[in-house]
Amino acid sequence: IDLISSNYPCTAVGQWWGPVPQRDAEGRLMKGPEGKVITEYADIDVVATIRQGNARIDLFGECKFTGAPMGFGALNLLISRVRSLKGGYNVRYALFSASGFTDELREYAEENGILLFGQRELLYKDEMPALR
């Protein structure tokens, strides 16, 4: 959270946790025997509101500090959690991984404006990714 608040013009920064609806493989809401939507508690590691000029950017981030490079699983999980939140957002996604990222995720992130914070960025050895 400090990395984001000290490098981007944030008006708010923190974390989020709460209930989100469970979805099946096709993205449909899952319901219990009584017809009620099944929820689970989930968290989003980084939630920040950033101002760039007159634009508001809502940054949502997932942190994984494991021995393996981060892949699409973490991004897909983050996207599904953010989609479950109520409200209209100008969404940008950020991924934080001390072990780096798969080549496929790196390429996708570059093409789609997803911010990647690897070991060098986390240690302030490289410039922070630009918001687009």
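Start with the largest pocket of this predicted model, which holds about 300 Å³ of space. A pocket here is an open set of points on a 1 Å grid over the protein atoms alone, where a 1.4 Å probe fits, with protein on both sides within 12 Å along at least five of seven lines. Its volume is the space filled by probe spheres set on the points, which are joined across faces, edges and corners.

Select Glu-110, Ile-114, Leu-115, Leu-116 and Pro-129. Of the 15 lining residues, these are the closest to the pocket centre. A lining residue has an atom within 4 Å of a point.

Now colour by element. Helix H3 (103–112), strand S5 (115–117) and helix H4 (119–122) each give the lining at least two residues. Helices (H or I, at least four residues) and strands (E, at least two) are DSSP runs, numbered from the N terminus. By class, the lining has seven nonpolar, three polar and five charged residues. Nonpolar covers Ala, Val, Leu, Ile, Met, Phe, Trp, Tyr, Cys and Pro; charged covers Asp, Glu, Lys and Arg; the others, Gly among them, are polar.

Two notes on the selections and values. Residue numbers run from 1 along each chain as its sequence is written. Local features need pLDDT of at least 70, side-chain atom pairs count only at pLDDT 80 or more, totals for chains, interfaces and linings use all residues, and side-chain values use heavy atoms, with hydrogens and water left out.

**The sheet**

Strand S5 leads on to an open sheet of five strands, ordered S1-S2-S3-S4-S5 with mixed pairing. On average, neighbouring strands are turned by 30° against each other, direction ignored. The axes behind that angle are lines fitted to C-alpha atoms. Strands count as paired if DSSP finds at least two bridges between them.

Show S1 with strand S2 (residues 39–52). They pair in the antiparallel sense over ten bridges. Pick Gly-14: Val-47 in S2 stands opposite. Then pick Cys-10, which faces Ile-50 in S2.

Ala-48 has Leu-59 in S3 as its bridge partner. Follow the chain from S2 into S3: this is a hairpin with two residues between the strands. Stop at Gly-53 in the turn, where phi is positive, about 65°.

**The salt bridges**

The structure holds six salt bridges. Each is a side-chain nitrogen of Lys or Arg within 4 Å of a carboxyl oxygen of Asp or Glu.

Zoom to Asp-58 and Arg-56, which meet at 2.9 Å, N to O. Asp-58 counts as buried because its relative accessibility is 3%. Arg-56 is partly exposed at 37%. The cut-offs are under 20% for buried, over 50% for exposed, and partly exposed in between (1.4 Å probe, protein chains only).

Next, select Lys-64 and Glu-62. Their closest N and O atoms are 3.2 Å apart. Glu-62 is buried at 3%, while Lys-64 is partly exposed at 32%.

Elsewhere, shared partners join Asp-24, Glu-26 and Arg-28 into one salt-bridge network. Within it, select Arg-28 and Asp-24: the closest N and O atoms of this salt bridge are 3.0 Å apart. Asp-24 is partly exposed, at 25%.

Note on methods:
Axes fitted to C-alpha atoms, helices over the stretch in contact; angles between N-to-C directions.
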